[in-house]
Every structure is written in C-alpha cells, then in structure tokens.
Amino acid sequence: DNGTLWVNSAGNYADSQHWNGTWNDPDGDDFMEFDGGDENLTLTGGSQADIWLNWDDWAEKNDDYDLHVYNDSGGRIGNSTDVQNGSSANPGEHYADEDLPSTIHLRIERVDATGEADFDIWFLGNYEPEYWTAERSVVNPAVGPNVTTTGAVYYDTLALRRFSSRGPTIDGRIKPDLTAPDGVSTSTYNTFSGTSAAAPHAGGVAA
C-alpha cells in the first residue's frame with residue numbers, strides 16, 4: 001500500500017509435489033474420489049509426511065473437510081480434523097509425522113460442507129504421490145495480486161525449471177509474473193537452485 005515492491009518466489013512444487021482438484025463424490029459417501037472410484041491418494045517410497053490441504057472458502061470459512069491418513073491394511077494412522085464453522089479456523093488441514101510406512105493413503109472427508117470446493121494439496125515430505133498436478137502450484141503469499149511472483153529458469157540455458165511452480169491462481173490470474181535465473185553460485189552456496197534463488201535476482205534488478 002505504501003508503494004513498496006514485494007518480490008516473492010513462486011515455489012518449487014510443480015514437479016510431483018502438488019495436487020489440485022474439485023470435490024467429486026458420485027457414490028455419496030462423503031469421501032472425495034480422486035480418479036474414477038479411487039477414494040485414496042496413495043503416497044509411496046517415503047517415511048516422512050508433511051501434507052497441507054486447503055480449499056477455496058477463505059471468506060466464509062464455513063465448509064468443513066477433514067484429512068485422514070491410512071496404511072495399506074486400511075487402518076487409520078493419523079488425521080487432521082480442524083473445525084471450520086465460520087470462526088478463526090482457516091479452510092485447511094495439516095498432517096505431519098515421521099517413521100511412517102513406506103506406503104500411505106490420503107482421504108478427504110466432507111464433514112459439513114456444500115461439496116463444491118476446489119482443493120490444493122502440497123506434499124512436503126519425502127513421498128511420491130500417485131496423482132499430482134503442476135497447475136495451481138504457486139504458494140502463498142506468491143498468489144497475491146500485488147506480489148511480483150518469480151519463477152526459475154536455469155542460468156545457462158534459460159530453460160524453465162521443471163519444479164518451478166505454475167499458476168493460475170484460484171481466481172484465474174496469471175502467475176508467476178516473471179522468471180529469473182537459478183543454478184547460480186553465491187558467497188553462501190556453491191550452487192543455489194530454486195525459485196528462492198531466482199527471486200533475489202528480480203528484487204536486485206528492481207532495486
């Protein structure tokens with residue numbers, strides 16, 4: 001508001017670390033179906049989970065969904081069940097744990113909601129998700145309309161980095177706004193990659 005330029009990294013989640021989809025429950029059992037009749041989003045090859053789920057109800061905060069985590073035998077090993085009822089709870093759930101089985105399964109449950117939500121999941125642990133999407137993988141606060149959101153290109157070829165998060169935003173705006181180089185050397189790191197390396201270049205040019 002004071003005219004200060006805010007440059008922000010777009011995030012590094014376009015390559016198998018993000019999923020986006022709308023509520024889908026044709027069998028009416030209040031569990032999201034990710035693909036066909038599959039109500040599980042399976043994560044494999046890991047042991048540490050750091051999973052963030054949110055949906056597009058930031059104004060009202062009345063749609064209540066829960067996130068559940070199961071093992072291969074169908075036993076629930078964890079969940080996140082914050083109550084969204086118009087109070088202070090944001091439209092999201094977060095689950096983090098370690099020393100988990102190498103395969104786990106995520107399920108989204110509709111607790112008290114219209115069933116029209118648009119969801120995003122970020123996978124920040126060391127699992128590989130069964131389903132993932134590059135679109136809509138720009139993170140907060142880089143989605144802000146007054147933020148100069150910066151993606152990453154490799155300094156030597158200017159090729160877009162596969163991991164560099166993509167838009168659009170939840171309300172259809174184009175993001176990121178520009179790209180800048182990564183893969184560079186600095187006084188701190190021999191090689192510094194990612195959109196957190198690209199954003200300082202954009203800020204420096206602006207300054």
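Select P141. Setting aside the residues within four places of it in sequence, P141 is in contact with W6, N8 and V147. The model on screen is a predicted one.

Next, look at the chain around this proline. P141 sits in a loop, with β10 (128-129) on one side and β11 (147-154) on the other. Is P141 buried, partly exposed or exposed? Its relative accessibility is 40%, so P141 counts as partly exposed, since that class lies between the 20% limit for buried and the 50% limit for exposed.

Now move to T42. This threonine belongs to strand β3, which covers residues 41-44. T42 has a relative accessibility of 16% and therefore counts as buried, because buried means under 20%.

What surrounds T42? Beyond its neighbours within four places in sequence, T42 is in contact with T103, I104, H105, E128, P129 and E130. Select H105 from that list. The side chains of T42 and H105 make a polar contact at 2.9 Å.

For another pair, select T42 and V111. They are 69 residues apart in sequence and 21 Å apart in space, C-alpha to C-alpha.

The next stop is the largest pocket. To find its centre, select W52, L53, N54, W122 and N140, which lie nearest to it among the 15 lining residues. The space in this pocket comes to about 310 Å³. Which strands each supply at least two residues of the lining? They are β4 (49-55) and β7 (92-97). Colour the lining by class, and it divides into 8 nonpolar, 5 polar and 2 charged residues.

The last stop is the second largest pocket, with a volume of about 200 Å³. Its lining has 13 residues, and those nearest the centre are W58, D120, N140, V143 and I170. How many of the lining residues are nonpolar, polar and charged? There are 6 nonpolar, 3 polar and 4 charged residues.

Finish by selecting N140. This asparagine is listed among the residues nearest the centre of the largest pocket, and it is also listed among those nearest the centre of the second largest pocket.

Notes:
Residues are numbered from 1 along each chain as its sequence is written. This is a predicted model: local features need pLDDT of at least 70, side-chain atom pairs count only at pLDDT 80 or more; totals for chains, interfaces and linings use all residues. Side-chain values use heavy atoms; hydrogens and water are left out. Helices (H or I, at least four residues) and strands (E, at least two) are DSSP runs, numbered from the N terminus. Buried means under 20% relative accessible area, exposed over 50%, partly exposed in between (1.4 Å probe, protein chains only). Contact means heavy atoms within 4.5 Å. A polar contact is a pair of N or O atoms within 3.5 Å; within protein, one must be able to donate a hydrogen and the other to accept it, and residues adjacent in sequence count only if both atoms are side-chain atoms. On a 1 Å grid over the protein atoms alone, a cavity is a set of points where a 1.4 Å probe fits but cannot get out, and a pocket is an open set with protein on both sides within 12 Å along at least five of seven lines; lining residues have an atom within 4 Å of a point. Grid points are joined across faces, edges and corners, and a volume is the space filled by probe spheres set on the points. Ala, Val, Leu, Ile, Met, Phe, Trp, Tyr, Cys and Pro count as nonpolar, Asp, Glu, Lys and Arg as charged, and the others, Gly among them, as polar.
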